[in-house]
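Have a look at the sequence and structure first, then read on.

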Amino acid sequence: MLSVEFIENQRKILDQTKLPFKERYLALNSAEEVSEAIKSMAVRGAPAIGIAAGYALALSDNPEKDYVTLLSSRPTAVDLKNALDFVAKGKTIEERKKLASLWQAGVSEACASIAENGASLLEKHNNVLTHCNTGAVATGVEYGTALGIIKKLKESGKDIFVYVGETRPRMQGAITSWELNKLKIPNSVIVDSAAGYFIYSGKVDAVMLGADRIAANGDFANKIGTYSLAVLAKENSIPFYVAAPLSSFDFSIDSGDKIKLEMRGEKEIIGDAYAGSTSALNPAFDITPARYVTRFITEKGIFSPEGVGSIGKIHRS
Ligand code: MRU
């Protein structure tokens with residue numbers, strides 16, 4: 001089963017807050033419930049939240065109001081807005097349901113093409129470091145983005161080893177490792193601060209990860225820690241790849257400083273580990289300037305940062 005499913009008029013999502021220990025599906029009955037699931041990260045990952053929101057809007061009796069509720073769930077991933085705008089074109093529930101499943105089918109095709117395109121680029125790399133979770137769970141379709149490429153490489157018989165950034169504080173690395181183990185792809189989780197050690201000692205051939213919003217100049221937002229990895233990759237002369245579907249591009253903004261980055265609550269960091277008066281700051285994403293990206297891997301092909309503008313033109317034509 002996919003992490004976001006629409007079965008017999010029910011929106012079902014795999015509760016990612018319970019992974020990797022429990023595979024529990026939640027049936028969500030209203031736009032408010034879907035919005036809460038996005039906020040709490042029961043459904044997370046840019047393409048997956050877009051699909052979930054699309055189905056929520058499809059079944060709505062009050063689409064104008066629910067559009068606003070759903071859009072305000074989380075601010076950074078543009079897939080949310082892109083999916084909602086697509087589904088909102090439907091005037092009736094039936095029309096919107098068709099559009100929502102068309103959107104999911106489009107993400108599915110895009111991720112399969114990203115896997116094909118990226119596999120040829122990654123052919124020469126055996127040891128890849130990734131961050132956050134970009135697998136099928138995060139996309140709501142069969143292939144992930146960055147992890148979809150790794151799955152494709154494995155399917156073509158390549159030996160590949162993955163360094164999995166733990167991704168404090170929400171530990172999306174645990175989901176990544178769980179997905180890789182299911183696919184029988186060798187991997188080890190590392191604490192986020194160990195990335196420099198492994199990259200500097202020459203053990204990592206490439207860094208590859210996903211994106212939540214890519215501006216027209218190629219600056220992009222992704223999980224907190226991405227910028228540090230980009231700087232490490234450049235400093236150590238290894239490639240830094242970003243795999244994302246066109247639904248994660250925002251051609252309406254010219255640069256990354258226009259991207260709103262989500263700040264989450266301090267409890268995610270402090271938990272039970274700190275004494276009462278400790279405060280914490282918890283940015284969920286950061287911006288990586290385009291100049292750090294070796295290549296963007298999309299369903300339309302592979303692009304340098306300077307080429308992102310031309311993706312925008314393909315997209316509009
Ligand atoms: O806060 P999250 O877990 O929703 O953040 C997700 C990411 O940063 C992913 O890297 C991104 O959405 C790409 S998922 C294919």
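For the residue classes used below, Ala, Val, Leu, Ile, Met, Phe, Trp, Tyr, Cys and Pro count as nonpolar, Asp, Glu, Lys and Arg as charged, and the others, Gly among them, as polar. This is a predicted model, where local features need pLDDT of at least 70, side-chain atom pairs count only at pLDDT 80 or more, and totals for chains, interfaces and linings use all residues. Residues are numbered from 1 along each chain as its sequence is written, and side-chain values use heavy atoms, with hydrogens and water left out.

**Cavities and a pocket**

A cavity is a set of points, on a 1 Å grid over the protein atoms alone, where a 1.4 Å probe fits but cannot get out; a pocket is an open set with protein on both sides within 12 Å along at least five of seven lines, and lining residues have an atom within 4 Å of a point. Points are joined across faces, edges and corners, and a volume is the space filled by probe spheres set on them. That rule gives three cavities of 30 Å³ or more.

| Space | Volume | Lining by class |
|---|---|---|
| Largest cavity | about 230 Å³ | twelve nonpolar, ten polar, five charged |
| Second largest cavity | about 40 Å³ | four nonpolar, two polar, four charged |
| Second largest pocket | about 320 Å³ | eleven nonpolar, four polar, five charged |

The largest cavity has 27 lining residues, and Arg44, Gly45, Ala46, Asn133 and Asp212 lie nearest its centre. H2 gives the most to the lining of the largest cavity, with three residues, while H6 and E9 each supply at least two.

The lining of the second largest cavity includes Met41, Pro169, Arg170, Gln172 and Lys223. As for the second largest pocket, its lining runs to 20 residues, with Ala136, Val137, Glu142, Glu179 and Lys182 nearest its centre. Helices H6 (136-139), H7 (146-155) and H8 (172-182) each put at least two residues into that pocket lining.

**The ligand**

Where does the ligand sit? It's in the largest cavity, going by the rule that more than half of its atoms lie within 2 Å of the grid points. Its shell (residues with a heavy atom within 4 Å) holds 18 residues, the closest being Arg44, Gln172, Asp212, Asn222 and Lys223. By class, that shell has seven nonpolar, seven polar and four charged residues. Helix H2 (46-58), H6 and strand E9 (220-223) each supply at least two of the shell residues.

Now the polar contacts (pairs of N or O atoms within 3.5 Å). A side-chain N or O atom of Arg44 is 2.4 Å from a ligand oxygen, a polar backbone atom of Ala46 is 2.9 Å from a ligand oxygen, and a polar side-chain atom of Arg74 is 2.8 Å from one. Taken alone, the ligand exposes 420 Å², and the protein buries 99% of that (Shrake-Rupley areas with a 1.4 Å probe).

Most residues other than glycine have a negative phi, and most peptide bonds are trans. Against that background, Leu19 to Pro20 is a cis peptide bond with omega near 5°, and Pro20 lies in the loop between strands E2 (10-14) and E3 (25-28). Arg168 and Pro169 are also joined by a cis bond, with omega about 0°. Pro169 is in the loop between strand E5 (161-165) and H8, and also lines the second largest cavity. Finally, Cys132 has a positive phi of about 65° without being a glycine; its place is in the loop between strand E4 (127-130) and H6.

Key
Helix = DSSP H or I, 4+ residues; strand = E, 2+ residues; numbered from the N terminus. Polar contact = N/O pair within 3.5 Å; in protein donor to acceptor, adjacent residues only side chain to side chain.
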